[in-house]
Amino acid sequence: IVTVPVAIPIIMGANIGTTITALLVSFSYMGERREFKKAFTTAAMHLWFNVLVVLVALTIEMLFHPLQTISGDLADKVLGSSETTVPTTHIVEDITTPIVDTIGTHGLFGMVGNGGVATALSLITGTLFILVAIKVMSYQLRMITAATTHSLLDMFSSPEENTRLTLKANTLGVGVGLLFTIMVTASSVTVSSMQPFAVTKSLPRRAMLAVILGANVGTTLTAMIATFAIVGVHGAFALQAALVHLTLNLVGALVVLCVPSLGRAITNLAAGSARLAARSYTRTIVTIFGMFMVFPIIILVIYALMN
């Protein structure tokens, strides 16, 4: 239904869209403007990083198609010339097939009504299973990893590391963000968890940026895992889309880490955004709503009318 060239800008848009969660969480600190600015700065770093990466990557992709080429080559190497499924696909099929056969379109739901009703019931049930599984997993892992993550961040924010961010500190920050996001399956949760550290000045901004960069890479694991259940020729396209997401976030993080001036630019843009946001909470909410909701809808309507 969606080709890889079409999927790439959708993935880029999703990278920007996921930043809205931390922006909204920052409003829980609006009782004190100084705290709000620090919390909003953390969320805005996530936003500005993704916006800048997408602006640059989309331009390059439209001109030279590197993401499509690289992800296609990697998918071919992973799957091989004769395989069209990810190696673990058959394991997933063996586990899920009995359940699908029992309650799917050829089972319990198939007995309820016609094919359309059975399909709709199967889609709804599958979606509910996914949502419940993610909710339960995220809650359990958040509880398990909270103490460990706090200890790592305490190490990261030691006084000797606050004055000058070293390669070791950068690596630790990215590792914390990567590990925590893999466990809670959402970069927005990681970024939101950084806000209390920002408010209490436990972590410098550059340190939090390193954690955010790791979180952006960690969030790609969910899509990679999802490809394990895709069967047939579509498995190659699913893996390629997941690799696009991974490559985009990984390359973006490496560039920012290797070019300190880019990191400073992101933190400065975030701090400036926070100062503007703190002037009027109402205006900021309207701006966020317009940017994340109204603007995309207008674009889609214009596109629909033109076609």
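The protein chain exposes about 17300 Å², and carbon and sulfur atoms supply 73% of that area, where accessible areas come from the Shrake-Rupley method with a 1.4 Å probe and, for residues, only the protein chains shown count as cover. Before I go on, please keep in mind that this is a predicted model, in which local features need pLDDT of at least 70 and side-chain atom pairs count only at pLDDT 80 or more, while totals for chains, interfaces and linings use all residues. Residues are numbered from 1 along each chain as its sequence is written, and side-chain values use heavy atoms, with hydrogens and water left out.

Let me start with the overall picture. The secondary structure of the protein chain comes to 15 helices and zero strands; here helices (H or I, at least four residues) and strands (E, at least two) are DSSP runs, numbered from the N terminus. Of the 307 residues in the protein chain, 37% are buried, and buried means under 20% relative accessible area, with exposed being over 50% and partly exposed in between (1.4 Å probe, protein chains only). If we take contacts between residues at least 6 apart in sequence, 76% of them join residues at least 24 apart, where contact means heavy atoms within 4.5 Å.

Now to the interior. A nonpolar core is a set of buried Ala, Val, Leu, Ile, Met, Phe, Trp, Tyr and Cys residues joined through side-chain atoms within 4.5 Å. Which residues of the largest nonpolar core touch the most other members? Among its 44 residues, they are Met12, Leu23, Phe36, Phe40, Met45 and Ile288. The elements that give two or more residues to this core include helix H1 (4–17), helix H10 (187–199) and helix H14 (260–279), and H3 gives the most, with 11 residues. Apart from this core lies another one, of six residues, among them Ala75, Met224, Ala242 and Leu243.

As a general point, an α-helix has 3.6 residues a turn, so residues three or four places apart point the same way. Phe36 counts as buried because its relative accessibility is 0%, and Phe40 counts as buried because its relative accessibility is 6%.

Their rings also bring us to aromatic pairs. Rings of Phe, Tyr and Trp (its six-membered ring) pair if their centres lie within 6.5 Å, and planes under 30 degrees apart count as stacked, over 60 as edge-to-face and the rest as tilted. By this rule the count comes to five aromatic pairs. The rings of Phe36 and Phe40 have their centres 5.5 Å apart and their planes at 40°, so this pair is tilted. Phe36 and Tyr281, by contrast, form an edge-to-face pair, at 4.9 Å centre to centre and with 75° between the planes. That pair links distant parts of the chain, with Phe36 in helix H3 and Tyr281 in helix H15 (residues 281–306), 245 residues apart, and both residues are buried. Ring pairs link Phe27, Phe36, Phe40 and Tyr281 into a cluster.

What surrounds Phe40, leaving aside its neighbours within four places in sequence? Phe40 is in contact with Leu23, Ser26, Phe27, Ser273, Ala274, Ala277, Thr284 and Ile288. One of these, Ser26, lies in the loop between helix H2 (20–25) and H3, and Ser26 counts as buried because its relative accessibility is 0%. Not counting residues up to four places away in sequence, Ser26 touches Phe36, Ala39, Phe40 and Gln195.

Ser273, Ala274 and Ala277 are among the buried residues of H14, and what covers the buried residues of H14 includes H3, H11, H13 and H15.

His65 lies between H3 and H4, and His65 is partly exposed, with a relative accessible area of 37%. Phi of His65 is near 55°, a positive value in a residue other than glycine. For background, most residues other than glycine have a negative phi.
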